[in-house]
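Student: I am new to this structure and would like to understand the words used to describe it. Could we go through them together, setting each value beside its definition?

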Amino acid sequence: MARYRGPVVKLMRREGLNLFLKNSHTLHKEKSSLEKRKYPPGLPPKKKGKVTEYGAQLREKQKVKRAYGVLEKQFRRYFEEASHTPGIPGENLLQFLERRLDNVLYRMGFAVTRRQARNFVAHRHVLVNGHRVDICSYRVNVGDKIEIREKFQKSTFIEENIKLAQAINRTASWVSVDYTKFSGEVTSLPTREHIDIPVKEQVIVELYSK
């Protein structure tokens, strides 16, 4: 499974906003470079150039790719499917990304980041409708029941994540969760209003439509 393994704070610095790639609680305690250095990583440019149309489109695409932990080849496949699905291509694209199993686990509060959720899924700690699923890109549907495997329920990771999720009430409105049973259910499909990443999806559509 191809994925980015480098420092995630650098990615957020590059995009200039918190993409929730790191536990926000830890990020705050560390006073990370995201707050201390509000400029892109690397050497500063000798001359600040004008942002081109292509440059702006690229930044929007990179923002979404990095937030969901998807590489270019897979992201393009999502776009191709979204553009051939009835509805608005940009919104279809975001919905497909939201319906990834790793993202759903994150939205339910069982993981503090999508990256951690991807780890849980890859290590076969997650059940979907009673069956073990280890594919992070598995697309959930309305009515699907997501559970944490019994042997993993006593993990300190899960216990701490549930406490944090309850404390800040961060469960998405399109899922229902029962933390006492370590399970949740997809009650509806996510819509554009549920996407908390400040992104102009139409700009991404324009980039790929050229």
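Tutor: The axes of helix α7 (residues 101–108) and α8 come within 8 Å and cross at roughly 115 degrees, where axes are lines fitted to C-alpha atoms, for helices over the stretch in contact, and angles run from 0 to 180 degrees between N-to-C directions. Helices are DSSP runs (H or I, at least four residues), as strands are (E, at least two), numbered from the N terminus. This is a predicted model, in which local features need pLDDT of at least 70 and side-chain atom pairs count only at pLDDT 80 or more, while totals for chains, interfaces and linings use all residues. Residues are numbered from 1 along each chain as its sequence is written, and side-chain values use heavy atoms, with hydrogens and water left out.

Student: Which residues make the contact of α7 and α8?

Tutor: Contact means heavy atoms within 4.5 Å, and it is made by residues including Leu-101, Leu-105 and Tyr-106 of α7 and Ala-117, Phe-120 and Val-121 of α8.

Student: Why are α4 and α10 called roughly perpendicular?

Tutor: The axes of α4 (residues 53–68) and α10 (residues 201–208) cross at roughly 115 degrees. Angles under 35 degrees count as roughly parallel, over 145 as roughly antiparallel, 65 to 115 as roughly perpendicular and the rest as oblique, and α4 and α10 are therefore roughly perpendicular to each other.

Student: How do you know that the length of α4 agrees with its number of residues?

Tutor: The expected span of a helix is 1.5 Å times one less than its number of residues; the 16 residues of α4 should therefore span 22 Å, and the end C-alpha atoms are 24 Å apart, which agrees.

Student: What follows α4?

Tutor: Gly-69 follows α4, and the phi of Gly-69 is positive, near 70 degrees.

Student: What makes the phi of Arg-124 worth a remark?

Tutor: The phi of Arg-124 is near 65 degrees, which is a positive value in a residue other than glycine, and Arg-124 lies in the loop between α8 (114–122) and β1 (126–128).

Student: Why is Arg-124 called partly exposed?

Tutor: Buried means under 20% relative accessible area, exposed over 50%, and partly exposed in between (1.4 Å probe, protein chains only); Arg-124 has 40%, and is therefore partly exposed.

Student: What is the phi of Asn-129, and where is Asn-129 found?

Tutor: Asn-129 has a positive phi, near 55 degrees, and is found in the loop between β1 and β2 (131–132). Its relative accessible area is 39%, so Asn-129 is partly exposed.
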